[in-house]
Amino acid sequence: FAWRNTCFPWQFVGRCLHWQCVGRCFYWRCALRYSHWRCVGQYSHWRYVGRCFYWRIDKDCSRRNQMDFDDVLGEVGSFGRYQKTMIFFFLLPMSFFNAFMMNQLLFQVVVPDHWCHVQGRETSGLDWDQWRNLTIPRWNSSTGYSSCLMYQLAQSEGTSRNISHSTQTQVCSSGWDFDSSQFEATLATTNGWFCEKAIFLQHVLALNMVGNALGTLVLPHIGDKYLGRRMILRISLVIYIVFTVPQVWISNASLHMLLRFLAGFGNHTYNLVPYVIVLEVIASGRRSLTTALFYGAWTTGMCFTALVAFLVPHWQYLALLSCLPPLIALLLLRLIPESPRWLISKGRVEECIDILLQIAMTNGREEVSKEGLRESLEAMSLKQEEELGIHHVLRYPRLRLRTILVLLMAFCIYTTYGVVLMGINVMPSNYFVSHFLSSVFQFPSNLTGWVSIQYLGRRNTCIITLTLATLFCITASFCLHDEWALVLVTGVLKLCFSMTLQSMFILVSEIFPTPVRSSGLGLYLVFGLWPMAISPYILHVSDLLMSTYLWFIC
């Protein structure tokens with residue numbers, strides 16, 4: 001069989017040729033040595049010679065049927081006024097405020113310096129420091145006062161100043177006093193989650209991250225399969241608001257943790273879905289720039305979180321304030337159209353045409369016609385590849401090996417990154433400066449990561465950054481008594497891990513073939529988010545033991 005300018009899928013079985021031309025061209029079926037055919041439209045020219053068919057398709061028909069969505073996007077404008085508006089007025093604000101919504105939790109669970117509240121100071125005539133020296137034991141001269149023990153006091157009858165204490169200690173019986181120089185109230189100070197209950201704060205962080213991972217597994221799949229990207233984004237924002245507001249007034253530990261888990265269910269969804277919506281209407285050559293801007297806005301949002309927490313040092317007000325961005329986003333979503341790529345994948349051609357015409361009009365492409373778009377999209381909808389599920393990844397030996405290696409790397413990278421991200425207490429004298437400075441170090445990672453990926457490759461970038469991260473983890477263990485040095489080292493660690501995550505995301509998307517690419521990326525993200533739930537407990541153990549162990553574990 002010979003052909004020229006073919007634009008249709010075909011299959012040769014024995015002596016029979018079964019084929020169909022997508023679009024307005026003809027199709028035929030060969031049964032044994034005989035040909036049965038029918039011409040649809042006026043684009044087909046064929047002749048039969050012996051057992052062979054020669055045909056040609058008019059140039060316009062061939063071009064239309066060979067177009068993919070990127071070609072259609074090029075006709076309506078792939079980086080014009082519409083795309084720039086979407087980037088600067090939708091994607092970047094969503095990334096900025098999403099960083100604030102996720103990072104403000106770190107300031108809610110801070111445990112300030114605290115010690116047992118001992119009654120009687122008012123009648124003793126002693127000031128706070130004298131009373132604390134009298135009633136609270138010291139662990140040693142460097143660590144300060146005990147957080148969970150107090151002396152047993154004895155007061156002579158008839159006097160208010162003759163107070164003495166024995167060498168025996170007891171647990172706090174009347175609550176705690178705490179240092180309020182940085183925070184007016186945190187979860188720990190409001191609910192009394194100190195000492196044996198301090199683990200509740202780690203449960204809050206861990207359950208929020210578990211909900212994040214589970215939501216990443218469930219919500220995007222529902223959106224891709226049934227509801228669409230815009231609807232699932234709206235649902236994830238509503239989930240956050242509905243389950244965050246009640247947290248402010250609920251002090252029951254179990255119920256509070258359940259609300260944290262449910263509020264985290266939409267975290268990663270309302271971070272990734274705007275990115276996907278915008279990326280799907282942008283030319284492939286501009287996506288790396290868009291990604292850099294996206295992560296730059298995220299880093300700016302992390303720095304902004306430290307400023308807001310400094311100005312609003314009360315966890316309840318901070319939690320309520322975090323509900324304001326999703327409320328604004330819900331209003332903005334009324335102006336944001338559905339992803340045209342998702343619409344065409346579901347065969348909703350007319351809706352896709354309306355959105356593409358809107359893009360063309362905004363970009364000044366008045367020559368684009370509705371009929372031309374319909375012809376291209378109808379042909380495209382018939383050629384959609386079947387999207388495979390996650391379980392297909394493990395069917396093939398090579399993909400299975402790649403998947404195991406990728407998931408192992410995700411576990412190691414995200415666990416350590418979680419420790420660095422949540423460890424805002426590296427500078428206890430000022431949590432806000434500590435978080436701000438460590439976040440600022442992520443700004444250069446976008447540029448350095450892009451340059452390294454372009455010239456050194458994905459794998460070499462991962463090897464170099466992970467090696468540097470290992471060396472700086474070891475270095476951090478020798479900087480425990482110098483706050484500024486420790487902040488500098490953890491900032492460089494964030495820089496290394498940001499570059500690693502950037503290169504790993506690209507590497508994973510290129511390792512998996514197209515039919516399982518979405519499933520592979522989803523599995524990578526979920527398997528990376530689950531171990532981040534371990535990070536709060538690593539930090540908790542480091543507080544109970546020597547912090548040196550923390551950095552060697554990393």
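What length should the 16 residues of helix 8 span at 1.5 Å a residue, and how far apart are its end C-alpha atoms?

Guide: The model is a predicted one. Helix 8 covers residues 229-244, and at 1.5 Å a residue its 16 residues should span 22 Å. The expected span is 1.5 Å times one less than the number of residues. The end C-alpha atoms of helix 8 are 23 Å apart, which agrees with that expectation. The buried residues of helix 8 are Arg229, Ile232, Leu233, Ser236, Leu237, Ile239, Tyr240, Ile241 and Thr244. An α-helix has 3.6 residues a turn, so residues three or four places apart point the same way. In that list, Arg229, Ile232, Ser236 and Tyr240 are among the buried residues, as are Leu233, Leu237 and Ile241.

Helix 7 runs over residues 199-227. Apart from its neighbours within four places in sequence, leucine 207 has contacts with Met257 and Phe261. Leucine 207 and tryptophan 530 are 323 residues apart in sequence, yet their C-alpha atoms are 9.9 Å apart in space.

The loop between helix 6 and helix 7 holds cysteine 195. Cysteine 195 is not a glycine, but its phi is positive, at about 55 degrees. Cysteine 195 also forms a disulfide with cysteine 148, with an S to S distance of 2.0 Å. The torsion about this S-S bond is about -110 degrees, so the disulfide is left-handed. Cysteine 148 lies in the loop between strand 9 (144-145) and strand 10 (149-155), while cysteine 195 lies in the loop that runs from helix 6 (187-191) to helix 7 (199-227), so the pair ties together parts that are 47 residues apart in sequence. Cysteine 148 is partly exposed, with a relative accessible area of 27%.

The count comes to two disulfides. Cysteine 116 and cysteine 172 are joined by a disulfide with an S to S distance of 1.6 Å. With -65 degrees about the S-S bond, this link is left-handed. Its two ends are in distant parts of the chain, 56 residues apart: cysteine 116 is in strand 7 (residues 114-116), and cysteine 172 is in the loop between strand 11 (163-171) and strand 12 (176-178). Cysteine 116 has a relative accessible area of 2% and is therefore buried. Cysteine 172 is buried too, at 16%; the cut-off for buried is under 20%.

Cysteine 352 has a relative accessible area of 0%, so it is buried. Cysteine 412 counts as partly exposed because its relative accessibility is 43%.

The crossing of helix 19 and helix 21 is right-handed. On the helix 19 side, the meeting residues are Pro444, Ser445, Asn446, Thr448, Gly449, Trp450, Ser452 and Ile453. On the helix 21 side they are Leu495, Ser498, Met499, Gln502, Ser503 and Ile506.

Conventions: Residues numbered from 1 in each chain as written. Predicted model: local features only at pLDDT ≥ 70, side-chain atom pairs only at ≥ 80, totals over all residues. Heavy atoms only, no water. Helix = DSSP H or I, 4+ residues; strand = E, 2+ residues; numbered from the N terminus. Buried < 20%, exposed > 50% of the residue type's maximum accessible area, 1.4 Å probe, protein only. Disulfide = S-S within 2.5 Å. Left-handed = near helix turned anticlockwise from the far one by under 90°. Contact = heavy atoms within 4.5 Å.
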